[in-house]
Amino acid sequence: MPPNARILIVDDHEDTLYALESALAPLGHLLGRATSGDEALKQLLRGNVGLLLLDVHMPGTGGLDVVRYMRRLEQTQHIPVVLLTGYARDPQLGAAAYALGVADLVTKPVDPWALRTKVRHLYDTHQRHLALQREIRALRARLDGHPASPQRPALPHPHAHAAPGQPAGAHPGELERDRT
């Protein structure tokens with residue numbers, strides 16, 4: 001995923017979409033919008049989504065259904081999700097959401113400052129995680145292309161204790177065998 005991944009905002013009410021876009025605009029990230037769960041899934045599958053801000057209760061495919069589907073696909077399973085609900089805190093909804101790996105469940109009306117803070121943290125953390133994964137893949141590719149030299153001695157375990165007069169990492173019987 002490129003570093004300029006979008007924040008996808010999904011809600012079936014235009015006024016809520018506008019308010020959420022206004023709240024997140026100061027972050028300077030690209031914003032996308034969808035008005036249904038099905039539309040959100042299509043955009044997720046097209047790629048380039050770095051965070052999903054998703055209404056729970058929508059006609060048709062609801063927020064929890066979108067998250068269930070996302071978690072089954074390798075390309076979308078690690079995208080951070082913040083669920084929005086217009087209903088009071090529901091322990092069953094919270095349990096279901098967190099069991100699916102949702103990062104947070106936010107009740108509307110949303111405090112713009114708190115939402116920006118959460119989204120900034122989740123988005124940046126996810127982007128750093130993806131950058132580290134790319135770096136690990138690049139390093140593994142370099143290692144696979146250049147096998148280790150057999151002449152290079154292995155380092156002893158850092159907690160290995162040597163007897164006096166023995167080099168660190170040597171086993172007691174090794175030196176005696178080498179002398180004979």
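A crossing of two helices is right-handed if the near helix is turned clockwise from the far one by less than a right angle, and left-handed if anticlockwise. In the predicted model described here, this term applies to the crossing of α2 and α3, which is right-handed. The axes of α2 and α3 come within 9 Å and cross at roughly 25 degrees. Because that angle is under 35 degrees, α2 counts as roughly parallel to α3. The contact is formed by Gly37, Leu41, Leu44 and Leu45 of α2, which meet Val66, Tyr69 and Met70 of α3. Six of the residues in the contact of α2 with α3 are nonpolar, one is polar and none is charged.

The chain as a whole contains six helices and five strands. Read from the N terminus, its elements follow the order β-α-β-α-β-α-β-α-β-α-α. The chain has 180 residues, of which 35% count as buried. Among contacts with a separation of 6 or more, 61% join residues 24 or more positions apart.

The largest nonpolar core comprises 22 residues, and Leu8, Val10, Leu44, Leu52, Leu54, Val81 and Leu83 are those with the most contacts inside it. At least two residues of this core come from each of β1 (6-10), α2 (37-46), β3 (49-55), α3 (63-72), β4 (81-85) and α4 (91-99). The greatest contribution to this core is that of α3, with four residues.

Leu44 belongs both to the set with the most contacts inside the largest core and to the contact of α2 with α3. With residues up to four places away in sequence left out, Leu44 touches Leu8, Val49, Leu52, Val66, Met70, Gln75, Thr76 and Ile79.

A further helix pair consists of α1 (residues 14-24) and α5 (residues 112-145), whose axes come within 9 Å and cross at roughly 65 degrees. These two helices are therefore roughly perpendicular to each other. The crossing of α1 and α5 is right-handed. On the α1 side, Leu20, Ala23 and Leu24 take part, and they meet Pro112, Leu115, Arg116 and Val119 of α5. The residues of this contact comprise six nonpolar, no polar and one charged.

Leu122 is also located in α5. The C-alpha atoms of Leu122 and Pro80 are separated by 6.7 Å, although the two residues are 42 residues apart along the chain. Leu122 touches Pro80 as well as Leu51, Val82 and Ala103, when residues up to four places away in sequence are not counted.

Most residues other than glycine have a negative phi, and most peptide bonds are trans. In Asn48, phi is near 65 degrees, a positive value in a residue other than glycine. Asn48 is placed in the loop between α2 and β3. Its relative accessibility is 27%, so Asn48 counts as partly exposed. The peptide bond from Lys108 to Pro109 is cis, with omega near -5 degrees. Pro109 is situated in the loop between β5 (104-107) and α5.

How values were computed: Residues numbered from 1 in each chain as written. Predicted model: local features only at pLDDT ≥ 70, side-chain atom pairs only at ≥ 80, totals over all residues. Heavy atoms only, no water. Core = buried A, V, L, I, M, F, W, Y, C linked by side-chain atoms within 4.5 Å. Buried < 20%, exposed > 50% of the residue type's maximum accessible area, 1.4 Å probe, protein only. Contact = heavy atoms within 4.5 Å. Axes fitted to C-alpha atoms, helices over the stretch in contact; angles between N-to-C directions. Parallel < 35°, antiparallel > 145°, perpendicular 65-115°, else oblique. Nonpolar A, V, L, I, M, F, W, Y, C, P; charged D, E, K, R; others polar.
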